Amino acid sequence: MIFLSISRIAKFSLQNFFRNIWLSLVTITIIVLTLFSVTSLVFVNAVMNQAIKLVESKVDVSVYFKPTVIEEQIVAVQSNLVELPYVKEVRHVTKSQALAGLREQYKDSPLILESLKELGNNPLGDTLIVNTYETQDYQKVIDILKATPEYAVLIDSQSFDDNSYIIDKLEQISKQVTGIGWGVTVFFALISLLVIVNTIRIAIYTHRDEIGIMKLVGASNTFVRGPFIGEAILYAILGSIITFGLTYIVAGFSDPYIVGLLGKTDFTLLNYLNANVLYIFGGELIGITLISVIATSLALRRYMRI
Amino acid sequence: MVSFKNVSKIYTGHQTALKNVNLHIEPGEFVSIVGQSGTGKTTLVKLILAEERPSHGKISIGGWDITDIKHREIPTLRKQIGVVFQDFKLLQRKTLFENVAFALEVGGEQHSNIYEIVPQVLRIVGLEGKMDRFPHQISGGEQQRVVVARSLAHRPKILVADEPTGNLDSINSRDIIELLKKINDFGTTVILVTHNREVVNELHRRVITLEDGVVISDKQRGKYLL
Ligand SMILES: Nc1ncnc2c1ncn2[C@@H]1O[C@H](COP(=O)(O)OP(=O)(O)OP(=O)(O)O)[C@@H](O)[C@H]1O
Ligand SMILES: [Mg+2]
């Protein structure tokens, strides 16, 4: 009996769908636009986060020691820095590594290599490269180094690539884009709601004779309302599927540009999509189904007297 | 089968459609309800179908007090009543078979039963040979017979017909009334609302006459009074 009702409700839902096929297509288009704006929002956020991460990973403080400073002293400074709670890692680049690095860097300029050789002794000092978890903590590291006299005498100079400005800027843009994205999404969601209400209203109007008969022959309220709810859910599902396909196509097309934007990274939209496919589309499907059901309930309450 | 006890119906806007109506219809009866336009005949039908609620009094159908019937119980009530209205039309895009089948489908009838019942009721109204036609391919009288067939499909205990002959000429009207008599012979209680003097006088059955919402006469083997 329940199965019978469900299959008949499904049948009538499909009939509703095809009887006003153009209206159905318009409704689905609006749903796709809504969902796609959500997806775009998710994508933009992912790319922005990736960009911020990238810039952050390039920020560090380099502490250059005087050439006379001995290994033990450097190790002592290193272990003290590592103990700070906000420091992620401290890498030690020795004099000889620094020299090798320099040689490697200038391997195509014989002049510089020549003059390095002429110096005989390695003129470089050791270096500690400090990374912190948060960009705003770099200044703290620098302050500590300056404020501690035992350290200050050992240190030749320190440099801090100040990318915090870029990061701030990126975060700011990210926030703005998210804000605009939400605005667009809410706008489309409202339009979807209105369009679905209207579609169901017209479906009710088209089926007024059937509805009259259903009521007089004792069809249950579920049975009278079911096909309209079913129709709305059908819109939601079809809209989601189309968005799903469209998203993969757009991700595929965008990925080359992402590489251009971020440089060589492991991050691609396709990978991101694959990793989060359940969250993104599951969430969207649930969300749009809810909107559809709410819209239909509104339309039924407003336009169909039981 | 149908019982009204001191029933009044006052529509919003203070329109009194029925005043203190008492009537009792036995199972298997054939009752005509007559009266001038606006005297509350359709209102009475709507009360039986629980499409409207009485303002005062009590109504029971088949021993079930439906005065304060709950929303979700209405389908159960309506499954026991067949309805024929003058403006309660066929679906133009469905064949005669599909029209009758539709009423059964939405009532939750099994598929196999539908294939058995539909030809059966169409045979009763004499249209089994035209099952695959669309409504516009048959006459108005035949259409109304299909409506009767549809109202019979779920085997109601009561058949309520509000002006079933309203749009028909006298020959077609007679056909419909003959049909209702046949249905009544099967044991179904028939309540016929009509303006048609000829029809009522030839029936020789119980006649209830309404005037301004009041029952002014209720006679076995009655005549059209007005
Ligand atoms: N929904 C309504 N709201 C307010 N008044 C109504 C409503 N339905 C009917 N009425 C009024 O109630 C009275 C009885 O109406 P009803 O339809 O029962 O008459 P009737 O006897 O069926 O008339 P007819 O023979 O013309 O069909 C009329 O005065 C009508 O205007
Ligand atoms: Mg009437």
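Colleague: Why is Arg206(B) called buried?

Modeller: Arg206(B) has a relative accessible area of 7%. Buried means under 20%, partly exposed lies in between, and exposed means over 50%, with a 1.4 Å probe and protein chains only as cover. Arg206(B), at 7%, therefore counts as buried. The model is predicted, so local features need pLDDT of at least 70 and side-chain atom pairs pLDDT 80 or more, while totals for chains, interfaces and linings use all residues. Residues are numbered from 1 along each chain as its sequence is written, chains are lettered from A and ligands numbered from 1 in the order in which they are written, and side-chain values use heavy atoms, without hydrogens and water.

Colleague: Which residues touch Arg206(B)?

Modeller: Contact means heavy atoms within 4.5 Å. Leaving aside residues up to four places away in sequence, Arg206(B) touches Leu23(B), His24(B), Ile25(B), Glu29(B), Phe30(B), Val31(B), Ser32(B), Asp218(B), Lys219(B), Gln220(B) and Arg221(B). Arg206(B) itself belongs to strand β9 (residues 206-211) of chain B; strands are DSSP runs of E, at least two residues, and helices are runs of H or I, at least four, numbered from the N terminus.

Colleague: What makes the pair Arg206(B) and Asp218(B) a polar contact?

Modeller: The two side chains come to 2.9 Å. A polar contact is a pair of N or O atoms within 3.5 Å; within protein, one must be able to donate a hydrogen and the other to accept it, and residues adjacent in sequence count only if both atoms are side-chain atoms. At 2.9 Å, the side chains of Arg206(B) and Asp218(B) make such a contact.

Colleague: Why is Glu142(B) counted as buried?

Modeller: Its relative accessibility is 13%, so Glu142(B) counts as buried. Glu142(B) sits in helix α5 (residues 140-152) of chain B, and a polar atom of its side chain is 2.9 Å from the backbone nitrogen of Ser139(B). Beyond four places in sequence, Glu142(B) touches Leu127(B) and Lys130(B).

Colleague: What do you call Leu225(B): buried, partly exposed or exposed?

Modeller: Leu225(B) has a relative accessible area of 47% and is therefore partly exposed. Leu225(B) lies in the segment after β10 (214-219) of chain B and touches Thr209(B) and Ser217(B), not counting residues up to four places away in sequence.

Colleague: What is the phi of Arg155(B) and of Glu163(B)?

Modeller: Arg155(B) has a positive phi of about 50° and is not a glycine. Glu163(B), also not a glycine, has a positive phi of about 50°. Most residues other than glycine have a negative phi. Arg155(B) is in the loop between α5 and β7 (158-162), and Glu163(B) is in the loop between β7 and α6 (170-185).

Colleague: Why is α1(B) described as largely enclosed?

Modeller: 6 of its 8 residues are buried, so α1(B) is largely enclosed by the rest of the structure. The buried residues are Lys41(B), Thr43(B), Leu44(B), Val45(B), Leu47(B) and Ile48(B). After α1(B) comes Ala50(B), with a positive phi near 60°.

Colleague: How do you know which residues surround ligand 1?

Modeller: A residue is near a molecule if one of its heavy atoms lies within 4 Å of it. For ligand 1 that shell has 13 residues, the closest being Ser37(B), Gly38(B), Lys41(B), Thr42(B) and Thr43(B). α1(B) gives the largest share, 3 residues.
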